[in-house]
Amino acid sequence: MENTIESLTRIKKRLHDASYKLTPQRETTVLVLLENEKDHLSAEEIYMLAKLKAPDIGLATVYRTLEMLTELKVLDKISFTDGLARYDMRKEGAKHFHHHLLCLECGDIEEIEEDLLGEVEQIVENRFKFKVTDHRLTFHGVCSKCQS
């Protein structure tokens with residue numbers, strides 16, 4: 001719980017620095033994201049969980065909050081094979097979006113915290129004169145549980 005409180009405090013500061021307030025509806029949305037950080041929830045799933053905490057919250061409010069948090073780089077918006085936009089908390093101090101392993105059998109999503117593309121970025125920047133600001137990498141395959 002302390003980690004959630006620390007994260008909520010950091011997010012509140014980021015919002016304040018960008019001239020936003022952490023309204024009760026935004027706080028509910030952020031708490032749902034923090035409590036389900038490993039689940040890569042869609043906006044509708046976030047809304048349903050937020051509604052359990054705050055029955056008066058609206059879907060449009062959740063969508064606006066998710067977009068604002070994405071713009072502030074608190075969240076990353078990602079899409080896997082189901083075509084839904086899903087949301088992933090950006091790790092504090094992370095320079096880049098983290099990588100994912102997506103199992104094509106069971107749909108499980110595992111995160112890779114290490115930045116594996118530093119050398120590739122240098123090659124792209126040097127060879128193509130292209131300034132890389134971020135990257136996203138998802139490996140598609142079969143997880144160890146499904147291989148058994």
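The backbone oxygen of Val32 lies 2.8 Å from a polar atom of the side chain of Asn36. A polar contact here is a pair of N or O atoms within 3.5 Å; within protein, one must be able to donate a hydrogen and the other to accept it, and residues adjacent in sequence count only if both atoms are side-chain atoms. The structure is a predicted model, in which local features need pLDDT of at least 70 and side-chain atom pairs count only at pLDDT 80 or more, while totals for chains, interfaces and linings use all residues. Residues are numbered from 1 along each chain as its sequence is written, and side-chain values use heavy atoms, with hydrogens and water left out.

Asn36 sits in the loop between helix H2 (24–35) and helix H3 (43–53). Helices (H or I, at least four residues) and strands (E, at least two) are DSSP runs, numbered from the N terminus. Leaving aside residues up to four places away in sequence, Asn36 touches Leu41 and Leu49, where contact means heavy atoms within 4.5 Å.

Two packed helices are described by the angle between their axes and the distance between the axes. For H2 and H3, the angle is about 115° and the axes are 9 Å apart. These axes are lines fitted to C-alpha atoms, for helices over the stretch in contact, and angles run from 0 to 180 degrees between N-to-C directions. On the H2 side, the contact is made by Thr28, Thr29, Val32, Leu33 and Glu35; H3 contributes Ile46, Leu49, Ala50 and Lys53. By class, this contact has 5 nonpolar, 2 polar and 2 charged residues. Ala, Val, Leu, Ile, Met, Phe, Trp, Tyr, Cys and Pro count as nonpolar, Asp, Glu, Lys and Arg as charged, and the others, Gly among them, as polar.

Which residues of H3 are buried? They are Ala43, Ile46, Tyr47 and Ala50. Because they cover an arc of only 100° around the axis, they lie on the same side of H3; the arc is that of the directions from the helix axis to the C-beta atoms. Buried means under 20% relative accessible area, exposed over 50%, and partly exposed in between (1.4 Å probe, protein chains only). The buried residues of H3 pack against H2, helix H4 (59–71) and strand S2 (85–89). On the other side of H3, Met48 and Leu52 are exposed.

Next, the protein as a whole. Its secondary structure comes to 6 helices and 5 strands, in the order α-α-α-α-β-β-β-β-α-β-α along the sequence. Of its 148 residues, 36% count as buried.

His100, in strand S3 (residues 99–103), counts as buried because its relative accessibility is 0%. Not counting residues up to four places away in sequence, its contacts include His40, Phe80, Asp88, Glu110 and Phe139.

Finally, two backbone angles. Most residues other than glycine have a negative phi. Lys73, in the loop between H4 and strand S1 (75–79), has a positive phi, near 60°. Lys129, in the loop between helix H5 (118–128) and strand S5 (138–141), also has a positive phi, near 50°. At 70% relative accessibility, Lys129 counts as exposed.
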